[in-house]
Structure formats: C-alpha cells, structure tokens
Amino acid sequence: MPELPEVDALAEFLRRKIVGDFVERIDIAELSLLKTVDPSLDSLAGLEITGTARVGKSLIIEFAGLDLVCRFARAGWLVWHDRVPTAPLKMGKGPLGMRIRLASGAGIDLTEAGTKKNASVALVSDRAEVAALAASGPDALKVDDDQFAVALSTSHGRIKNVLEDQEIIAGIGNAYSDEILHTAKISPFAPADSVDAGRLLAAIHTVLGAAREALIGLPPSKVKAAKKRGFSVHGRTGQPCPVCGSTIAEVSFAEKSLQYCPTCQTGGKKLSDRRMDRLLK
Ligand SMILES: [Zn+2]
C-alpha cells in the first residue's frame, strides 16, 4: 500500500511532469474505481492541471475548482507514460483502472493489482467531500508534539493499530508503522496510551523523512523497489536485524503480517502469532 513517502514521491514526480499540461480525455477501464458521477470525468477534457498534492495516503491532481482524488488502497499504483498508448482500453481486464491522456501526448494510468478492487477515484469541487479525507487526522509529518501526545493518551488499542488509523494520524500504513516502531524500539502490541509519545514522534520523523529523501525524484516505476530496499524489518522475516543482528520475527493476520525485532522491541519475547501457533500444533 502506498504510504506517505511514496505518495509524496508520486505527487512530486507528477508536479514536474503535468502541471501546465491539459487533459485530453480520461478513460475508465474498471467501473468500480470511480466513486462520483457529478461532475463527470468528461468535464476535465480541455482543463489545465494546476497542481498536485498529497493528503494522508491520497494523491490529488488539481484543476481550477476541481480535485481528482486518487486513493490507492492496498494494491493500487500509478504508471507514467511519456507517450500514452493509443489503443482503446479493455474494460474490466487486468490491472488498468483509469487512463488520463494529456495534450502533450503523455499519460497516467491508475492500476490495481489482484482481484480485490478497493482503489478509488473521486472528482469533487472540494476535497472535503471525500469522506476519508474529511475524517483524516493531522499529517504524520506535521502533527505537533502536544497534539500527538494527546492522540496517543486518548487512544485505546495497540500502538501498531493506532499508527495506522488515518483518523488519528494520517499517512502511515503497515510497512512504515513496522519501521517506525523498530526505530523507536517499541513493541507493536504496546498499548497506545503507555507509549513515550516524544520518542515515537521522533522515530516517525526519522523514518518518514529518510524514506521521502530516498524516494523523491524517482519515477513511479522505481519507487516501490527503492521503498523495499530501505526497510530494516518490514518484509524481512528471518533476516538479521540491522541494529542488533537478532532474527526478525513476524505476526500473521488474515490479510497481512507485521515484522519486528524481539531484541530491539519486545525484551527478547516472541509475540503470540495465532496462525503460526496453529500450524505448529
Ligand atoms: Zn534488533
């Protein structure tokens, strides 16, 4: 799932490429992608792109008085074309969800891998019309110390879940929450209201700041691989922790898993992993 650093990289790449260009037309290949009907996507034809932005994990392509809000969900991504293919789109086949053709001849595809289609696009005159954006908490890179301390002290549940809750703090998902908690040396299962907010916020700035620095300037086709190269624990089950050398452990859930270092984060203890425990019985 694209998180704050990757969406910033996409927004920055597009800013350089498309601001000042004009939409020729937009085609939808996956009907479930588009969540709004009025105004229609056709109304963007001929309009100038005035900017790009990120809110939380959403990418926004800006026009005078209109925002095209793209939400990637777990498997959505963006493909850039210096020359956009001219063949008509095949409906409902493969990962292509939407193609934006620009007057310059360039183009952007919004894609979503897999069979679950959860990515979404909304064309709105005010981005607050998109419920997820209206409910979004403060940005992970802009939240101030006091605001963050209050958010944690009034949150219930495990810190890993709280970090991923976009209404509490926006921009962090499964991958960077693993990285942030590893940097802060905090257990993913620690109760949110017991965590040292200052230490955690410092880790948020360190991890997201370094990731942004590594990713901004890359084309979309290189961002995902570069993101993975930067991970210390996420997706690295069984490998040595780069800080202490211990073996990185995992907890699996139905649709995702988290990784952590038992030495750095949980006092050497393995967290309970119901799926693994069941397999081993
Ligand atoms: Zn470690």
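This is a predicted model: local features need pLDDT of at least 70, side-chain atom pairs count only at pLDDT 80 or more; totals for chains, interfaces and linings use all residues.
Trainee: Let's start with the metal; which residues are the protein donors of the zinc ion?

Mentor: The donors are the SG atoms of Cys-241, Cys-244, Cys-261 and Cys-264, and they lie 2.2 to 2.3 Å from the zinc ion. Along the chain, these donors follow the spacing C-x2-C-x16-C-x2-C. Cys-241 sits in the loop between helix H7 (220-229) and strand E9 (249-252), while Cys-261, 20 residues apart from it, sits in the loop between strand E10 (257-260) and helix H8 (262-265), so that the pair links distant parts of the chain.

Trainee: And why is the arrangement called tetrahedral?

Mentor: The arrangement is tetrahedral because the angles that the 4 donor atoms subtend around the zinc ion run from 98 to 114 degrees, and the cut-off for four donors is that all angles lie between 85 and 135 degrees. For comparison, the ideal angle for four tetrahedral donors is 109.5 degrees.

Trainee: Are those cysteines buried or exposed, say Cys-241 and Cys-261?

Mentor: Cys-241 counts as buried because its relative accessibility is 4%, and Cys-261 is buried as well, with a relative accessible area of 0%.

Trainee: What does UniProt list for residues 232-266?

Mentor: The UniProt record, an unreviewed entry, lists "domain: FPG-type" for residues 232-266. In the model, that span is 11% helix and 23% strand, and its end C-alpha atoms lie 16 Å apart. The record also places "domain: Formamidopyrimidine-DNA glycosylase catalytic", again from an unreviewed entry, at residues 2-149; that span is 16% helix and 33% strand, with its end C-alpha atoms 26 Å apart.

Trainee: Switching topic, how is the protein divided into domains?

Mentor: The division gives domain 1 (4-134) and domain 2 (145-280), and their C-alpha centres lie 29 Å apart. The contact between them takes 16 residues from domain 1 and 20 residues from domain 2.

Trainee: How much area is buried between domain 1 and domain 2, and which three residues of domain 1 supply more than any other three?

Mentor: About 1,500 Å² is buried between the two domains, and carbon and sulfur atoms give 66% of that area. On the domain 1 side, Pro-5, Glu-6 and Trp-77 supply 33% of the area that domain 1 buries against domain 2, which is more than any other three residues.

Trainee: I'm looking at helix H5 now; why is it largely enclosed?

Mentor: Helix H5 (residues 174-184) is largely enclosed by the rest of the structure because 10 of its 11 residues are buried. Among them are Tyr-176, Asp-178, Glu-179, Ile-180, Leu-181 and His-182. The buried residues of H5 pack against helix H1 (4-18), helix H4 (159-164), helix H6 (197-215), H7, E10 and H8.

Trainee: What happens just after H5?

Mentor: Just after H5 comes Lys-185, with a positive phi of about 55 degrees. Most residues other than glycine have a negative phi. Lys-185 lies in the loop between H5 and H6 and is partly exposed, since its relative accessible area is 43%.

Trainee: Where else is there a positive phi in a residue that is not a glycine?

Mentor: Ala-73 also has a positive phi, of about 55 degrees. Ala-73 lies in the loop between strand E4 (66-71) and strand E5 (76-81), and it counts as partly exposed because its relative accessibility is 23%.

Trainee: Which peptide bond is cis?

Mentor: The peptide bond from Asp-38 to Pro-39 is cis, with omega near 0 degrees, and Pro-39 is found in the loop between E1 and E2.

Trainee: What does Leu-44 touch, leaving aside its neighbours within four places in sequence?

Mentor: With those neighbours set aside, Leu-44 is in contact with Val-23, Ile-26, Phe-63, Leu-66, Leu-68 and Leu-123. Leu-44 lies in the loop between strand E1 (23-28) and strand E2 (49-55), and it is buried, with a relative accessible area of 0%.

Trainee: Last one: is Gly-114 buried or exposed?

Mentor: Gly-114 is exposed, because its relative accessible area is 54%, and the cut-off for exposed is over 50%. Gly-114 lies in the loop between strand E7 (107-112) and strand E8 (120-124).

Methods:
Residues are numbered from 1 along each chain as its sequence is written. Side-chain values use heavy atoms; hydrogens and water are left out. Donors are N, O and S atoms within 2.8 Å of the metal (3.2 Å for Na, K and Ca); water is not among the atoms, so sites may look incomplete. Four donors count as tetrahedral if all angles lie between 85 and 135 degrees; four count as square planar and six as octahedral if opposite donors are over 155 degrees apart and all others between 65 and 115; anything else is irregular. Helices (H or I, at least four residues) and strands (E, at least two) are DSSP runs, numbered from the N terminus. Buried means under 20% relative accessible area, exposed over 50%, partly exposed in between (1.4 Å probe, protein chains only). UniProt positions are given in the numbering used here, feature names are shortened, and annotations may be inferred rather than shown by experiment. Domain bounds come from an automatic or database domain assignment. Contact means heavy atoms within 4.5 Å. Buried area is the accessible area (1.4 Å probe) that two parts lose on being put together, summed over both.
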